[in-house]
Amino acid sequence: MITTQILTVQNVTVENFRSYGQLIIPSEDGKLFDSSDAQLDLSQGIPRFYIMRLHQRGRKFHQITCHLKCTQCLGSLGGKEWLIAVCPPNQLTQPDLEKMTVFKIPSDRIIKLEIGTWHAGPYFDEPIIDFYNLELSDTNIMDHLTHDFLDSHQLEFEIV
C-alpha cells in the first residue's frame, strides 16, 4: 500500500537554505567576490553550463537524487518561480526523511546545491520552464545517485 506524504512549501531565504547550499541573490556590478557568491566545486570534471527545458510534471514524486562529485546551480529563465524538494547532504546512501523541505525559488534567484544535497525537482505550474543548469558534463551519467521511496518505504510525496 502506497502512502502519500504531503509537503508544504516555504519561501527560500539565505538562512533557511544554508543546510542545502546557497541562495544566490542579485548584487551590484563591480562587487568583489565574497562568501555571498556561489562557492562552486566543479574540479572533478568539465563544467557544463546549459539551458535545460523542463515540462510541467505535477507535484508528486517518489525519487530523489544527489551528486557526490560537484555542486550544482539551478535558476529559471523568463520570470518564473519554481519549487524544489531537498534533504541535506549526509554520508548515507539515502536521504533523511525528517529533514526533507520544499522551497519556493523566486525568478530572480539561483540556488547552488552543496555536494551531496538530495533534490527532487524543479516543480512548477507553468507548462514549460527553461532553467540555467551548471554541473559537470557527465553529472547525469556518472554522478547520479537516486533513492526511490516507493521501493524503500512504499512512499510518495505531494507538494501543496
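**Briefing: fold and sheet of a predicted chain**

The secondary structure of this chain comprises three helices and 14 strands, where helices (H or I, at least four residues) and strands (E, at least two) are DSSP runs numbered from the N terminus. The model is predicted, so local features need pLDDT of at least 70 and side-chain atom pairs count only at pLDDT 80 or more, while totals for chains, interfaces and linings use all residues. Residues are numbered from 1 along each chain as its sequence is written, and side-chain values use heavy atoms, with hydrogens and water left out.

Overall form
- The radius of gyration of the chain, taken over C-alpha atoms, is 15 Å, which agrees with the value near 15 Å for a compact globule of 160 residues (rule: 2.2 Å times the number of residues to the power 0.38).
- The C-alpha trace spans about 55 × 30 × 30 Å along its principal axes.

Burial and contacts
- Of the 160 residues, 41% are buried, meaning under 20% relative accessible area with a 1.4 Å probe, protein chains only.
- Among contacts (heavy atoms within 4.5 Å) with a separation of 6 or more, 85% join residues 24 or more positions apart.

The open sheet
- Three strands form an open sheet of mixed pairing in the order β1-β14-β5, two strands being paired if DSSP finds at least two bridges between them.
- Because β1 (3-7) and β5 (60-61) stand at the edges with a single partner strand each, one side of each is left without a neighbour in the sheet.
- β1 pairs with β14 (residues 155-159) in the parallel sense over five bridges, and Q5 has F157 in β14 as its bridge partner.

Notes: Buried means under 20% relative accessible area, exposed over 50%, partly exposed in between (1.4 Å probe, protein chains only).
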